[in-house]
Amino acid sequence: MDRVSEAQENYVRSVQNRPIFFLSRVEDVDTISEVGTIVKGTVTLGFLSVNELVEVIAEDGSRFILKVMEITKDNEILDLAKQGDQIEILFDIYHADVICAGDVILKSDELLSDLIASLNS
């Protein structure tokens with residue numbers, strides 16, 4: 001396991017004592033001008049809906065939060081993606097270099113706790 005994967009795995013392990021509601025590894029990324037960035041991957045664990053916030057764990061270990069704008073599977077728009085689905089997620093960012101293949105996308109109660117804490121401070 002390389003250092004990047006190890007850092008990502010360590011982070012995922014650190015939240016395993018808390019519920020993880022969604023987990024996927026980025027397989028491919030594409031940006032469409034004036035639309036956003038499309039991330040392709042398979043749902044490893046859990047469920048994901050449109051308008052939810054997810055955390056991206058980048059290859060360098062940095063973490064950032066993005067809002068899901070649209071989910072598609074086989075060119076059909078989904079309201080909900082579930083474990084095993086091969087999906088495309090549209091984010092409203094316009095630089096494909098922000099997200100890379102191999103990055104991890106997750107949604108956990110730690111993310112929710114962090115957001116609540118930041119809103120209350």
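Which residues touch the most other members of the largest nonpolar core? Of the 19 residues in that core, they are Ile 87, Ile 89, Phe 91, Ile 99 and Ile 105, where a nonpolar core is a set of buried Ala, Val, Leu, Ile, Met, Phe, Trp, Tyr and Cys residues joined through side-chain atoms within 4.5 Å. Buried here stands for under 20% relative accessible area, exposed for over 50%, and partly exposed for what lies in between, with a 1.4 Å probe and protein chains only. The model is predicted, and local features need pLDDT of at least 70, while side-chain atom pairs count only at pLDDT 80 or more and totals for chains, interfaces and linings use all residues. Residues are numbered from 1 along each chain as its sequence is written, and side-chain values use heavy atoms, with hydrogens and water left out.

- A second, separate core has five residues, among them Ile 20, Leu 23, Val 104 and Leu 106.

**Strand pairing**

- Strand 1 and strand 2 run antiparallel and are joined by 10 bridges; two strands pair if DSSP finds at least two bridges between them.
- Three residues lie between the strands in the hairpin of strand 1 and strand 2, and in this hairpin Glu 34 takes a positive phi near 60°.
- Strand 2 also pairs with strand 7 in the antiparallel sense, over six bridges, and Thr 37 stands opposite Phe 91 of strand 7.
- Strand 2 pairs in the antiparallel sense with strand 6 (residues 80–82) as well, over three bridges, and here Phe 47 stands opposite Lys 82.

- Asp 28 is found in strand 1, counts as partly exposed at 38% relative accessibility, and has Lys 40 as its bridge partner in strand 2.
- Glu 70 lies in strand 4, counts as partly exposed at 29% relative accessibility, and touches Val 50, Ile 77, Glu 88, Ile 89 and Leu 90, not counting residues up to four places away in sequence.

**Salt bridges**

- The structure holds five salt bridges, each defined by a side-chain nitrogen of Lys or Arg within 4 Å of a carboxyl oxygen of Asp or Glu.
- Lys 40 forms a salt bridge with Asp 28, with 3.8 Å between the closest N and O atoms. Because Lys 40 lies in strand 2 and Asp 28 in strand 1, the pair ties together parts that are 12 residues apart in sequence.
- The side chains of Glu 52 and Lys 107 meet in a salt bridge at 2.8 Å, N to O. Glu 52 lies in the loop between strand 2 and strand 3 and Lys 107 in strand 8 (residues 104–108), so this pair ties together parts that are 55 residues apart in sequence. Glu 52 is partly exposed at 23% relative accessibility, whereas Lys 107 is buried at 9%.
- Asp 85 forms a salt bridge with Lys 73, the closest N and O atoms being 3.1 Å apart. Asp 85 is buried, with a relative accessible area of 5%, whereas Lys 73 is partly exposed, with 28%. Salt bridges that share partners join Lys 73, Lys 82 and Asp 85 into one network.

**Positive phi in loops**

- Most residues other than glycine have a negative phi.
- Asn 51, which is not a glycine, has a positive phi of about 75° and is found in the loop between strand 2 (36–49) and strand 3 (53–57).
- Asn 75, also not a glycine, has a positive phi of about 65°, is placed in the loop between strand 4 (63–73) and strand 5 (76–78), and is exposed, with a relative accessible area of 77%.

How values were computed: Helices (H or I, at least four residues) and strands (E, at least two) are DSSP runs, numbered from the N terminus. Contact means heavy atoms within 4.5 Å.
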